[in-house]
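Please keep the sequence and the 3D view at hand while reading.

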Amino acid sequence: MASIAVPGRQVAEERFRTCPDTGLEVHAKAETLIRVNVLTAVVFLAVGGLFGLLIALTRWQAIHLLPAEWFYLLLTAHGAAVLIFWIMFFEVALFYFTSAVVLNSRLATPMIAWVAYVMMLVGALVATVAVLQGNSSVMFTSYPPLQAAPHFYLGLILFAVGMLLTCFIFLGTLVVAKDEGTYEGSIPLATFGGLTGAIIMIFTLASGAIILIPTYLWSLGIISTIDPLTYKLVWWGLGHSSQQVNVTLQVVVWYTIAALVLGARPLSEKVSRTAFLLYILFLQLASAHHLLVEPGLSSAWKIFNTSYAMYLAVLGSMIHGMSVPGAVEAAQRRLGHTKGIFGWLREAPWGNPAFAGMFLSLVLFGFLGGISGVILGTEQINILMHNTLYVPGHFHATVVCGTTLAFMAMTYLLIPIFFQRDLAFPKMAKWQPYVFGAGAAGISLFMMGAGTLGVARRHWDITFTDALISFDYPATAFFMLGLNGLSALVAAAGGVMYVVVVFGSVFAGKRRTAAEAKSNPIAPGAVALRTYGSEGTLKLPGTIVLVSVFFIAFALYYFINWRFLAGIWTMS
Amino acid sequence: MARQETDKDVGARPHVMQRLLDNPFLLVFLGVTMPTVLYLIWGIMEITQIPLAPS
């Protein structure tokens, strides 16, 4: 590990090492923080994933594993562990990677980064314990008048404040890097994407503070009441915007993996940055689609925030959705894979789990999560699926198929780069994205299928045993929930494979020497990650076919839902 | 003392869009202000205008 005197100003000498795989100057303190945050994230994924499997086996009516109290308790714990803690700890690692590491800079205020980590860890543990104690089964949304134990809210507030600190550390690192001249010109695209995520995160956490602090005081009896509609409005500024951070950082991971593995550059830096700008300006406004059936808010507010502003953010996603496969195609053709329309795709490195996970994440997110998100964000057709299992089906497509699969794929590069270990069980790692992707896609599809048939979300027993007013769902709904349970088993197998590979590699993997890294680099295209530049071509016949298929699927499914609505709301 | 801009400096100045994209703190301002005004403040204003039910 070399010591590098940072030019430009007098600072305490910092320890850096040159990564033999990427050529990046890695700040030792940033590296340790990245390692710790990644491992913490994986622990929460393992725990939250187990909870998720138990829930899916309960929804499978033939098994119906858990009693009602445990179902709601674990549903709350599952949401917190995977939707908040797994993803956000990993996002902290991505913030430090895309700022300090990509910019060849030292991390600003590493001591505060450790304070943030401890706050997040303590907050996550306190909130999880509160749920497991059994008196905080308030679901992910914790809508009043449902009231959790005070330490549930306190844990979430601690976690959020810690996360907010990491956003400021990201911004501080940008200032440090610019001031110390570690890069020239514009920041690289991955860093710009990280900045986009940090900006959305700041709004997200500010919304969380605005609503969770009074709710905490309410749980202590200091405030007499919380207005449920105001709570819902402000809370979704936290609840949905946090998912927009996930989308943003998953897109960053797509670009990063394409760059590191293939040396792929975006088709146009300016267009990709403009797409991120659309996220900065409009993506958070999509939170309004959770309030589309609330009578207290006007159609003007709803339609502006969803059917106008949200579509501008969707435009951003579509640009990324074309730019990433386009960049892969351009890079592959540049590398000599020019046979036919899809030769570049056939000859892509499908045996590399980082690439395979990234591309599966891209396709599944676009086709399953993206299209269903637009359906739920349209006021009229939202009513078809509102509060049904379609909603968790949709967000499993975005957060599990999209974000989680992308983060898993990124881990396969972070392990050799930051832990300096070869992947343990390489065959298992090779199959893991396919197994997990198939299971996650099944979960999403079958929950959306059951939701389309009207199955309510957050419902322990769809047979309505002992209910005063009975209701019979069609047999297909039960079949869908059975398939959902089977898919959860497959996804859980993929999750176990991931955890085994990660911990096996980190604690027992073969140490990666500089000589091995130079002879067999896992990130030969790293220069594309840290420099500004575009592929600058639109001769992409394969991508144009793929994008056309996507648009046809999108238009057809959109039309089908309007047709479905017309069939329900007959007019005479 | 501020340095006077020459014609050469003006010609080399990046496009306004590029300057926006290269200014992280302006982006932070825009990214926080837009949803605060259009989503939160507008939404809360509407909620406060809902008439109370007669007691």
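## A glutamate in a loop

With which side chain does the side chain of A:Glu294 make a polar contact? In this predicted model, the partner is the side chain of A:Lys232, at 2.4 Å. A:Glu294 itself is placed in the loop of chain A that lies between helix H8 (269-282) and helix H9 (299-334).

Although it sits in a loop, A:Glu294 counts as buried, because its relative accessibility is 13% and the limit for that term is under 20%. When residues up to four places away in sequence are not counted, A:Glu294 touches A:Leu229, A:Lys232 and A:Lys302.

## An asparagine in helix H12

A:Asn382 belongs to helix H12 of chain A, which covers residues 379-385. With a relative accessible area of 2%, A:Asn382 is buried, and its side chain makes a polar contact with the side chain of A:His386 at 2.8 Å.

Once the neighbours within four places in sequence are left aside, the residues in contact with A:Asn382 are A:His289, A:Leu292, A:Val293, A:Ile375 and A:Leu376.

## Helices H11 and H14

Two packed helices are described by the angle between their axes and the distance between the axes. In chain A, the axes of helix H11 (residues 353-376) and helix H14 (residues 426-452) come within 9 Å and cross at roughly 10°. H11(A) is therefore roughly parallel to H14(A), since angles under 35 degrees are counted in that way.

On the side of H11(A), the residues that make this contact include A:Pro353, A:Gly357, A:Leu364 and A:Ser372, while those of H14(A) include A:Lys430, A:Tyr434, A:Gly437 and A:Met448. Taken together, the residues of the contact of H11(A) with H14(A) divide into 11 nonpolar, 4 polar and 1 charged.

## The nonpolar cores

The largest nonpolar core has 198 residues, and the members that touch the most other members are A:Phe85, A:Trp86, A:Phe90, A:Tyr498 and B:Tyr39. Helix H2 of chain A (residues 68-101) contributes the largest share of this core, with 23 residues. There is also a second, separate core of 7 residues, among them A:Ala286, A:Ile371, A:Val374 and A:Phe554.

Methods: Residues are numbered from 1 along each chain as its sequence is written. Chains are lettered from A and ligands numbered from 1 in the order in which they are written. This is a predicted model: local features need pLDDT of at least 70, side-chain atom pairs count only at pLDDT 80 or more; totals for chains, interfaces and linings use all residues. Side-chain values use heavy atoms; hydrogens and water are left out. Helices (H or I, at least four residues) and strands (E, at least two) are DSSP runs, numbered from the N terminus. Buried means under 20% relative accessible area, exposed over 50%, partly exposed in between (1.4 Å probe, protein chains only). A polar contact is a pair of N or O atoms within 3.5 Å; within protein, one must be able to donate a hydrogen and the other to accept it, and residues adjacent in sequence count only if both atoms are side-chain atoms. Contact means heavy atoms within 4.5 Å. Axes are lines fitted to C-alpha atoms, for helices over the stretch in contact, and angles run from 0 to 180 degrees between N-to-C directions. Angles under 35 degrees count as roughly parallel, over 145 as roughly antiparallel, 65 to 115 as roughly perpendicular and the rest as oblique. Ala, Val, Leu, Ile, Met, Phe, Trp, Tyr, Cys and Pro count as nonpolar, Asp, Glu, Lys and Arg as charged, and the others, Gly among them, as polar. A nonpolar core is a set of buried Ala, Val, Leu, Ile, Met, Phe, Trp, Tyr and Cys residues joined through side-chain atoms within 4.5 Å.
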